[in-house]
Amino acid sequence: MAGKSEQPPGSPDPSAKPPVHVGRRTMLGVLGLTGIGIVAGAKIDNALGSSLSAVSKAVGVPLPGGNQFQFYTITGSFPVIPADTYELTVDGMVREPLRLSLAELRSIKRTRLVHRFQCVTGWYVPDVPWEGVLLSDVLDRAGVMPEATALRFFSADGAYTESLTLSQAHLPDVLVADKMLDANVTSDHGGPVRLYVAPMYGYKSIKWLNRIEVTNKVVPGYWEDNGYPANAWIGGVAQ
Amino acid sequence: MTDAAGRSAVPRSDSPKATSPSAKLARFDLVERLVHWSMAIMMLTLIFTGASLYFPALAVRVGHRGLIENIHVITGLCLLGPVALALAGPWRKQLLMDLRRFDRWRPSDFDWFRSRSRRKGLARDKFNGGQKIEADFLGAAMVATLVTGVIMRFAPSSWITWATGATLVHEALFFGIVAAVLAHIAFALSKPEQLVSMFSGRISRAWARVHAAAWLSEVEASEIEASGVEASRTDPVPPV
């Protein structure tokens, strides 16, 4: 306690102890812990994540660091699309525009990968099993014209859009996914079919995917119009 | 105000307008009330939008993620605006004095955390220990959520490790802030006179005698000082 007395020395008032600056200490303490949390939080999260997520599941409330999915929709609702009427349109600069039913999509060579879902705002879910077909295989089937350079993705919600360059779309961990967490993709997660772009932040993995347009220009998607980068590599650089 | 001797009395924001000792005490001035209510509205907006972004069950119901996020971010950036404005001009005096009270704890503030019976005779400051710790925590938490929120929303995407840490802290603070705000509202609703004083700015002397005796004697001392100038024409200033 380095607070200086506000009473003159030899003051007769016995209650003249200098005040304790609890407010200042609280501020410094909270900000100090915040600083430690910012710098070391990801490590703490890694170390405690599995136990926290167990607790989180048990109490039914997402806890900080609990590594649980958050459910995003940019419209007022979560579109529910019956699997038997679902269609994926692939059009634009392609030799043969496609309209694929879920069964037709599933007949393409299937790929499974286990990878984290990382949100750009910081939360993530580690080791998520994803299953579907490679985006590049879908594009090969439609036959992309040589002058095409980019893709636009559309969502059944009528509002969510995304973009990739053609070279990004050909990466071996970019899936048109119909299964995640070892089950069909639910409506909340963007089912029956969503994109999963493993090397990029979650907003690139468009939900309720129903149309892929092949173009020669990257058109920024919904979140990119809201200030997030189009080249959304996790960590800022392509891995 | 100038007295007969030509000395000007220093206007005091915390001395009552009426000199009658039965008049109510000025507890919060207009600046403080404006700060309180504007921040209260923003805080409730932040809690509601934050909960809608955080809890899956609410997120699924509310939707409109982009809109909710923008409301949350803009409100968060503005939250400390009223305090900053209030401290930026000569109207800051009383707010600054009360912020100092939140910062500076006297022994009676620590003793307030004792059991109900043992804290009975304490001559309390304008705010008790519980009110002070809540104000201190909320103040610190507001700054910390601002810092972590800015990192979450505006940091370059290469800072993802820090964004994860900032998210963790931001979420943990959310729970602390909600607890503090709920407690604050519950106490306010259970103490009508104090609640009303956040609208009217004034509170009875009887309340202060019981709940803030140390503050009451400060106010009375300054009243005597202020009226003593007038009184000295007929009577000597009574010993304090």
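**Strand pairing and the interface of chains A and B**

Strand β1 of chain A (residues 20-21) pairs with β2(B) in the antiparallel sense over 2 bridges; here strands (E, at least two residues) and helices (H or I, at least four) are DSSP runs numbered from the N terminus, and two strands pair if DSSP finds at least two bridges between them. Within this pairing, Trp105(B) of β2(B) is the bridge partner of Val20(A). The model is a predicted one, in which local features need pLDDT of at least 70 and side-chain atom pairs pLDDT 80 or more, while totals for chains, interfaces and linings use all residues. Residues are numbered from 1 along each chain as its sequence is written, chains are lettered from A and ligands numbered from 1 in the order written, and side-chain values use heavy atoms, leaving out hydrogens and water.

Turning to the interface as a whole, 50 residues of chain B are in contact (heavy atoms within 4.5 Å) with 50 residues of chain A. The two chains bury about 3,900 Å² between them, 65% of it on carbon and sulfur atoms; this is the accessible area (1.4 Å probe) lost on putting the two parts together, summed over both. In chain B, the most area is lost to chain A by Arg65(B), Ile160(B) and Leu168(B), together 15% of what that side buries. Helix α8(B) gives the most to the side of chain B that touches chain A, with 14 residues.

Chain A also holds an open sheet of 5 strands, in the order β3-β2-β11-β6-β7 with mixed pairing. Its edge strands are β3 (98-101) and β7 (161-165) of chain A, each pairing on one side only.
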